[in-house]
Amino acid sequence: MDTNNLTPIRRGIVGVQYLFVAFGATVLVPLLVGLDPSTALFTAGIGTLIFHLVTKGKVPIFLGSSFAFIAPIIKATELYGLTGALAGIVGVSVVYFIVSALVRWQGIKVIDRLFPPVVIGPVIILIGLSLAGAGVNMAKENWVLAMVSLLTAVFVTMRAKGLLKLIPIFAGIIVGYVTGILFYNIDLSGVREAMWFSLPQFVTPTFSWEPILFMIPVAIAPVIEHVGDVYVVNAVAGKNFVKDPGLHRTLLGDGLACLVAGFLGGPPVTTYSEVTGAMSLTKVTNPQVLRIAAITAIIFSVIGKVSALLKSIPSAVLGGIMLLLFGTIACAGINTLMHSKVNMHSTRNIVIISLTLTFGIGGAVLQCGDFSLSGIGLSALIGVALNLIIPRDKTENTQVEI
């Protein structure tokens, strides 16, 4: 399809369609971590527009809520409060800025050196497994609703075709929610009483070093995901965005979007593979269409009844989706190791992977005065440090295959 010949109306329709693909995942993250879903929609829209501004409007990417930060935000909120966790989200942008500067200076090889698959794979596995218990706890509030949502998402993933196949989360939430309304008397009074127009609940961060240092290491995995997604978008659009406008610009744009999200009370944002998949199906890769999706997200964010409707979704419905979602993330980590052909017979690789996993799953804590580092952040730092310290086999392939 020649996107240059699309009428404004058709561009608008496709743009809304792309938001529909990203909608379920974008609002799921804030619902799980205690943030306002309307704020997440607003920051996703603003963040996407900022990204397009930084990348000269050339790269067809939509930025939505990042799953990688669910566990860290929950833990940071427990330790430092919600406003402290938001400060940590602001700190995440620093990682993007640093990597952007390094890529501009050294090129893509700096990614291969610091974050090879042997480091990123186990970190992604940890991201998926760290909330398995939370998913079960939410699901057991009503196993019927949880299983209806889960089985719907699985069915859509396995059997659906076209654009429907790209929205298993959204489909699972809808079917689970409707089931709850029909059989479990979900309280809809909040939806009825909500105003049609209502600004998102913006929350500003309270700055201190502890939550920032706690959250920063977690950004390693999303940075790698960003690089991979840009390469996939290259293939879908038939252009080389790594060179023009440059990978350093896409990283900078993503970092600025995370910065704005943290200051406004939204979750960190990342490139959305679901939307890229939708582009590969529709063949519409015009960046203007993604900007229409971003503007639509902003419009939805100020409709008060949309926010009230999202907040009325039963926890069990979200828990059922989580059972599939976080297992899928863990499998993505395993796939990273397999696809990149990491040598599992190498003692060096076994040491890095095993220590990264055991420190994360075992709940190790690095304590220094009032500051502590644990979980995914600690494991990510351990993986990076071991990769730099342990001598490398000269015959070993360390390149990230994207």
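The legends below describe close-up views of a predicted model.

**View 1. Helix α1 packed against helix α13.** Helix α1, which spans residues 8–33, and helix α13, which spans residues 273–282, pack at an angle of about 150 degrees, and their axes lie 9 Å apart. Angles over 145 degrees count as roughly antiparallel, and α1 and α13 are therefore roughly antiparallel to each other. The crossing of these two helices is right-handed. On the α1 side the contact is made by Q17, Y18, V21, A22 and A25, which meet E274, V275, A278, M279 and T282 of α13. Sorted by class, the contact of α1 with α13 holds 7 nonpolar, 2 polar and 1 charged residues.

**View 2. Y18 and the largest nonpolar core.** The largest nonpolar core of the predicted model comprises 106 residues, and Y18 and F67 are those with the most contacts inside it. When residues up to four places away in sequence are not counted, Y18 touches V275, A278, M279, T282, V284, V289, L290 and A293. Among these partners, V275, A278, M279 and T282 also belong to the α13 side of the contact between α1 and α13. In soluble globular proteins, nonpolar side chains tend to be buried together.

**View 3. Helix α13 and its surroundings, including helix α11.** The buried residues of α13 are V275, T276, G277, A278, M279 and T282, and they pack against α1, α11 (residues 220–237) and α14. The axes of α11 and α13 come within 10 Å and cross at roughly 10 degrees, which makes α11 roughly parallel to α13. In this contact D229, V232, V233 and V236 of α11 meet S273, T276, M279 and S280 of α13, and the residues involved divide into 4 nonpolar, 3 polar and 1 charged. M279 takes part both in this contact and in the contact that α13 makes with α1. Just after α13, K283 adopts a positive phi of about 65 degrees.

**View 4. A294 within helix α14.** A294 is placed in helix α14, which covers residues 287–301. With a relative accessible area of 0%, A294 is buried, the cut-off for this class being under 20%. Leaving aside residues up to four places away in sequence, A294 touches G45, T48, L49 and F62. The C-alpha atoms of A294 and L49 are separated by 6.7 Å, although these two residues stand 245 residues apart along the chain.

**View 5. Buried residues of helix α15.** Within helix α15, which runs over residues 304–311, the buried positions are G304, K305, S307, A308 and L310. The elements that cover these buried residues include α1, α2 (residues 37–54) and α9 (residues 189–193).

**View 6. Helix α6 crossing helix α16.** Helix α6, formed by residues 132–139, and helix α16, formed by residues 315–339, pack at an angle of about 140 degrees with their axes 7 Å apart. The passage of α6 across α16 is a left-handed crossing. From α6, residues A134, G135, V136, M138 and A139 meet S315, A316, L318, G319, G320, M322 and L323 of α16. By class, this contact has 8 nonpolar, 4 polar and no charged residues.

View 7. N185, which is not a glycine, has a positive phi of about 50 degrees and lies in the loop between α8 (residues 168–183) and α9. Its relative accessible area is 69%, and N185 is exposed. K341, likewise a residue other than glycine, has a positive phi near 55 degrees and is found in the loop between α16 and α17 (residues 347–361). At a relative accessible area of 63%, K341 is exposed. A cis peptide bond, with omega of about 15 degrees, joins D244 and P245, and P245 lies in helix α12, residues 242–264.

**View 8. Y80 in helix α3.** Y80 lies in helix α3, which extends over residues 70–106. Its relative accessibility of 21% makes Y80 partly exposed, since buried residues fall under 20% and exposed residues over 50%. The C-alpha atoms of Y80 and M344, 264 residues apart along the chain, are separated by 39 Å.

How values were computed: Residues are numbered from 1 along each chain as its sequence is written. This is a predicted model: local features need pLDDT of at least 70, side-chain atom pairs count only at pLDDT 80 or more; totals for chains, interfaces and linings use all residues. Side-chain values use heavy atoms; hydrogens and water are left out. Axes are lines fitted to C-alpha atoms, for helices over the stretch in contact, and angles run from 0 to 180 degrees between N-to-C directions. Helices (H or I, at least four residues) and strands (E, at least two) are DSSP runs, numbered from the N terminus. A crossing is left-handed if the near helix is turned anticlockwise from the far one by less than a right angle, and right-handed if clockwise. Contact means heavy atoms within 4.5 Å. Ala, Val, Leu, Ile, Met, Phe, Trp, Tyr, Cys and Pro count as nonpolar, Asp, Glu, Lys and Arg as charged, and the others, Gly among them, as polar. A nonpolar core is a set of buried Ala, Val, Leu, Ile, Met, Phe, Trp, Tyr and Cys residues joined through side-chain atoms within 4.5 Å. Buried means under 20% relative accessible area, exposed over 50%, partly exposed in between (1.4 Å probe, protein chains only). Angles under 35 degrees count as roughly parallel, over 145 as roughly antiparallel, 65 to 115 as roughly perpendicular and the rest as oblique.
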